[in-house]
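Please find below some notes on this model. They are set out as numbered points.

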Amino acid sequence: MTKPAHHLKNMLSRIDGKGYKAYKDIQGVYAFERFTLLIDHVQGDPFAQPSRLRIRVDRDKSGFGPHLTQSASRTTAFSDWLIRRFAKAAKRIAKGSRGSGKGGTILIDTPGQQILERTAMRVTDAFIEARFFLGLPAFGRRIAGRDASEMLMKELPEITKLALFCNRKNQKESDGLLRHITGFEDAEALRRQLKEKKLVAFVGNGASLARSSGIDPAPLTQGAVLFEPPETLAVTLDRPNGGPITGMGIPEGVTLIAGGGFHGKSTLLNALELGVYNHIPDDGRQWVITRNDALKIRAADGRSISGVDISSFINNLPLKRSTTSFSTENASGSTSQAAAICEGLEAGARLLLLDEDTSATNFMIRDEKMQQLVSQEKEPITPFIHRVRDLYKEKGVSTILVMGGSGDYFSASDLVLRMTDYRAEEVTEKAHTIARNTPQKKEIATLSPLPLIHHRAPLPQSIPMEERRGRVKVATYGLHEMVLGKTRIGFDDVEQLTCPSQTRALAEAVRLAAGLMNGKRRLEEILDAIEEILEKEGLEALTDILRGDLASFRRLELAAVINRARSLKVL
Ligand code: ADP
Ligand code: MG
């Protein structure tokens with residue numbers, strides 16, 4: 001039942017000075033002059049997670065026209081823009097810390113450089129709804145009613161006015177909004193063109209790839225060298241809003257990025273890794289577009305592996321351990337990398353991204369001298385170099401890899417790029433000539449055929465969901481760690497996650513996935529099922545309660561997390 005706003009005000013003055021629990025009374029729905037306030041959940045004490053609130057504005061009254069949501073991509077980008085606007089307004093208007101604990105804060109799940117679908121804002125034809133967190137203020141554990149009143153009755157309406165209503169007088173802002181949504185729409189269109197043109201990635205002319213620092217994802221401002229496509233790789237793609245755009249097209253196949261140390265190889269690869277997402281207009285990488293089945297592969301020794309067929313890469317292990325269904329509690333660099341590739345293919349990855357900086361050398365290459373010292377029968381590893389061509393030819397799986405320390409990949413590559421002073425050149429001919437003129441004593445590669453992509457069916461209880469007081473504990477810590485019941489899953493090596501809200505959503509998705517594991521359903525089918533739920537009902541389908549801190553993720557990351565659960569058992 002919707003109550004008038006002054007009821008809230010009266011209630012706050014009535015409970016002023018009382019014990020914190022009395023705040024529970026304000027849960028409910030209130031009609032303000034220009035919006036509806038929904039107080040969904042009131043925190044138990046001032047130090048707990050802040051309370052969950054929503055503000056809903058009628059779409060008609062908001063002044064934001066229907067063109068902003070005429071497609072699903074526009075809606076995603078417009079919602080993202082509103083979240084950022086809300087965050088800015090909250091920062092400006094909310095007084096901040098009041099009294100004890102988290103009192104005084106008004107927070108929304110604020111995005112970074114990427115534009116993702118998020119639960120923090122929902123926009124429909126009928127309304128705009130912001131979902132945010134508010135720390136109800138207290139002195140000690142006593143309700144600070146007057147402060148609460150100031151926050152709810154003054155600060156919130158002010159923030160709402162700035163964040164959720166169109167300001168027609170601000171032309172600069174309107175232009176920014178249009179750029180935000182049309183840019184997103186264009187990026188989606190470019191990604192669709194990649195497949196038609198048999199490209200795996202595109203780097204737009206003038207892109208700024210370098211970041212401000214190792215911990216700051218904002219673009220480098222001083223001394224950034226802007227990207228120029230090598231002439232031979234220049235392609236022009238079409239944008240529905242921005243018109244044609246020229247850049248470097250990386251074709252399907254095997255691409256090697258070579259070049260001296262510190263010349264920008266990894267920076268280019270990192271940009272391609274994140275090119276599966278769309279970026280904000282001034283990111284610098286907004287026209288770096290990668291197919292969304294691209295998976296970064298890196299070594300992660302120490303991780304667990306459950307029943308993965310890594311026989312394409314590893315055979316003849318000591319003590320005749322099986323590698324067609326390989327399990328370990330403690331992988332080596334090379335076995336972890338082999339497993340990551342096989343698991344990735346199982347989940348649908350069709351473009352592999354590898355960097356020498358984070359690869360196991362013995363997985364990537366074995367040189368001639370080592371072949372003489374260690375006979376092939378005693379070496380379990382078939383290095384990636386012997387598989388990379390077949391992966392493409394037989395399975396249609398492309399690879400982009402960074403390798404500055406060895407020329408062994410020259411002959412295996414369809415395309416060789418060389419980075420010099422952050423500039424890319426195409427040097428395929430040259431590299432192939434060098435490879436021809438430097439005969440290698442070739443390993444008599446008695447290669448087994450590349451096995452088909454292997455599918456596994458996780459057993460029930462693979463990720464046990466112990467309940468406590470009728471609920472499964474689901475918690476996440478930063479980007480790379482989650483706890484479900486008593487199961488802790490760490491996934492530091494999953495590099496294409498960009499935001500803790502993705503990890504929170506992933507944790508809920510893993511919980512759902514665990515419920516689908518019955519020893520018959522293949523992991524692939526479980527991923528399909530979750531993807532279908534998300535497509536139909538959106539991220540909100542992941543939780544029973546409405547929460548504004550979830551962001552979208554890919555099935556490849558969901559698979560990666562499940563695969564790193566130490567309790568996973570498969571058939
Ligand atoms: P590599 O992998 O070739 O050793 P990196 O990609 O790690 O080199 O880049 C080395 C340094 O150069 C990093 O500090 C990076 O931020 C910076 N850098 C990379 N690309 C550019 C660029 N286009 N303009 C300016 N600085 C760059
Ligand atoms: Mg590097």
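1. Which backbone oxygen does the side chain of Arg191 reach? It is that of Tyr277, at 3.4 Å. The model is a predicted one, and this distance is computed from it.

2. Arg191 sits in helix α5. Its relative accessibility is 11%, so Arg191 counts as buried, the cut-off being under 20%. Beyond its neighbours within four places in sequence, Arg191 is in contact with Gly275, Val276, Tyr277 and Asn278, and also with Ile289, Thr290, Arg291 and Asn292.

3. Ser266 belongs to helix α6 (residues 265-274), while Asp357 is in the loop between β22 (351-355) and α8 (361-364), so the pair ties together parts that are 91 residues apart in sequence.

4. Are these two residues buried or exposed? Ser266 is buried, with a relative accessible area of 19%. Asp357 is exposed, at 55%.

5. The largest pocket holds about 1500 Å³ of space. It is lined by 49 residues, and those closest to its centre are Thr76, Glu117, Glu188, Ser552 and Phe553.

6. At least two lining residues of the largest pocket come from each of α3 (72-93), β7 (121-123), α5 (171-196), α13 (523-537) and α14 (555-563). Helix α3 gives the most, with seven residues.

7. By residue class, the lining of the largest pocket has 18 nonpolar, 13 polar and 18 charged residues.

Key: Residues numbered from 1 in each chain as written. Chains lettered and ligands numbered in written order. Predicted model: local features only at pLDDT ≥ 70, side-chain atom pairs only at ≥ 80, totals over all residues. Heavy atoms only, no water. Helix = DSSP H or I, 4+ residues; strand = E, 2+ residues; numbered from the N terminus. Buried < 20%, exposed > 50% of the residue type's maximum accessible area, 1.4 Å probe, protein only. 1 Å grid on protein atoms, 1.4 Å probe; cavity = no way out; pocket = protein on both sides within 12 Å on 5 of 7 lines; lining within 4 Å. Points joined across faces, edges and corners; volume = space filled by probe spheres on them. Nonpolar A, V, L, I, M, F, W, Y, C, P; charged D, E, K, R; others polar. Polar contact = N/O pair within 3.5 Å; in protein donor to acceptor, adjacent residues only side chain to side chain. Contact = heavy atoms within 4.5 Å.
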